[in-house]
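Subject: Structure handover and what I found in it

Dear colleague,

Here is the structure I promised to pass on, with my notes below it. Please have it open while you read, as the notes go through it region by region.

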Amino acid sequence: MGTILVAYASRTGETLAIAELIAEGVRLAGHKAEVRSVAAVKTAAELAGFDGYAFGSATYHGEMLPAMKTFLFLAETAGLEGKPGGAFGAFGWSGEANDRIHQTMKHALKMSVAPDPLRLKSSRLGGGLQMAQEYGRQLARKLETQAGSSKGAEEAP
Ligand SMILES: Cc1cc2nc3c(=O)[nH]c(=O)nc-3n(C[C@H](O)[C@H](O)[C@H](O)COP(=O)(O)O)c2cc1C
């Protein structure tokens, strides 16, 4: 069993609601999930040591929230290279934060990201619950696949 950190930046609670559903999906897939506000993560040590990560921010004025930018600089020093990851965030119409976080996780943090960020505007939309939970399950499967392949590599002569 692995543990996925679901870290979010949210102003009015929509991104937090999506984070909770992603965590539920991870748990339904038989793993552990911790949901934390990015503002509560102060050191790289608090961020390191998880088996997978989902980072999410709401989009305001075409950008992620400032707290998520600070958090991603911290993540750069946490040794997340190769770890499974995904991105999400509530939005109203354009949702730039989701793509930017996903690209940062892939290119700057060199994480093993899901093919796409979760493009869900709100957990309250029809099908939102299922979409967010499925993203959590997808991350859990990615974690299992990577754990399986690194185990195989360790066992190889
Ligand atoms: C002042 C303001 C600016 C916003 N700018 C954007 C934007 O550029 N693109 C977008 O997709 N949504 C935008 N939104 C919509 C928010 O992303 C949306 O309300 C979202 O659900 C907020 O999530 P949160 O509750 O996690 O903060 C904006 C909302 C406000 C109030």
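Around the ligand there are 18 residues, of which Ser10, Glu14, Thr15, Ala58 and Gly92 come nearest; a residue counts as near a molecule or strand when its C-beta atom, placed from the backbone, lies within 6 Å of it. Two or more residues of this shell are given by helix H1 (14-28) and by strand E4 (59-60), where helices (H or I, at least four residues) and strands (E, at least two) are DSSP runs numbered from the N terminus. By type, the shell divides into 5 nonpolar, 11 polar and 2 charged residues, with Ala, Val, Leu, Ile, Met, Phe, Trp, Tyr, Cys and Pro counted as nonpolar, Asp, Glu, Lys and Arg as charged, and the others, Gly among them, as polar.

Please keep in mind that this is a predicted model, in which local features need pLDDT of at least 70 and side-chain atom pairs count only at pLDDT 80 or more, while totals for chains, interfaces and linings use all residues. Residues are numbered from 1 along each chain as its sequence is written.

Turning to the sheet, 5 strands form an open sheet in the order E2-E1-E3-E6-E7, with parallel pairing; two strands pair if DSSP finds at least two bridges between them. Strand E2 (32-37) and E7 stand at the edges with a single partner strand each, so that one side of each is left without a neighbour in the sheet. H1 packs on this sheet, touching strand E1 (3-9), E2, E3 and E6, and its direction makes about 170° with that of E1. Two residues are in contact if their C-beta atoms, placed from the backbone, lie within 7 Å, and the angles, which run from 0 to 180 degrees, are taken between N-to-C directions of axes that are lines fitted to C-alpha atoms, for helices over the stretch in contact. H4 lies across E3, E6 and E7, and runs at about 160° to E6.

As for individual pairings, E1 and E2 run parallel and are joined by 6 bridges, and Ala7 has Arg36 in E2 as its bridge partner. E3 is joined to strand E6 (residues 84-88) by 4 bridges, again in parallel, and there the bridge partner of Phe55 is Ala87.

How enclosed is E1 by the rest of the structure? Since 6 of its 7 residues are buried, E1 is largely enclosed; buried means that 20 or more other C-beta atoms lie within 10 Å of a residue's own, exposed means 12 or fewer, and partly exposed lies in between, with C-beta atoms placed from the backbone. Tyr8, in strand E1, is buried, with 31 other C-beta atoms within 10 Å. Not counting residues up to four places away in sequence, Tyr8 touches Thr15, Leu16, Ala19, Ser37, Val38 and Gly56.

In helix H1, Leu21 is also buried, with 24 other C-beta atoms within 10 Å. Leaving aside neighbours within four places in sequence, Leu21 is in contact with Ser123, Leu129, Ala132 and Gln133, and its C-alpha atom is 9.0 Å from that of Glu134, although the two are 113 residues apart in sequence.

In helix H3 (residues 66-75), the residues Met68, Phe71, Leu72 and Ala75 are buried. They cover an arc of only 100° around the axis, which puts them on the same side of H3, the arc being that of the directions from the helix axis to the C-beta atoms. The face turned away from this buried side carries the exposed residues Pro66 and Phe73, whereas the cover over the buried residues of H3 includes E1, helix H2 (44-47), E3, E5 and H4.

Finally, two backbone details deserve a look. His61, in the loop between E4 and strand E5 (63-64), has a positive phi of about 50° although it is not a glycine, and it counts as exposed, with 6 C-beta neighbours inside 10 Å. Lys110, in the loop between helix H4 (96-108) and strand E7 (112-113), also has a positive phi, near 55°, in a residue other than glycine; Lys110 is partly exposed, with 13 other C-beta atoms within 10 Å.

With best wishes
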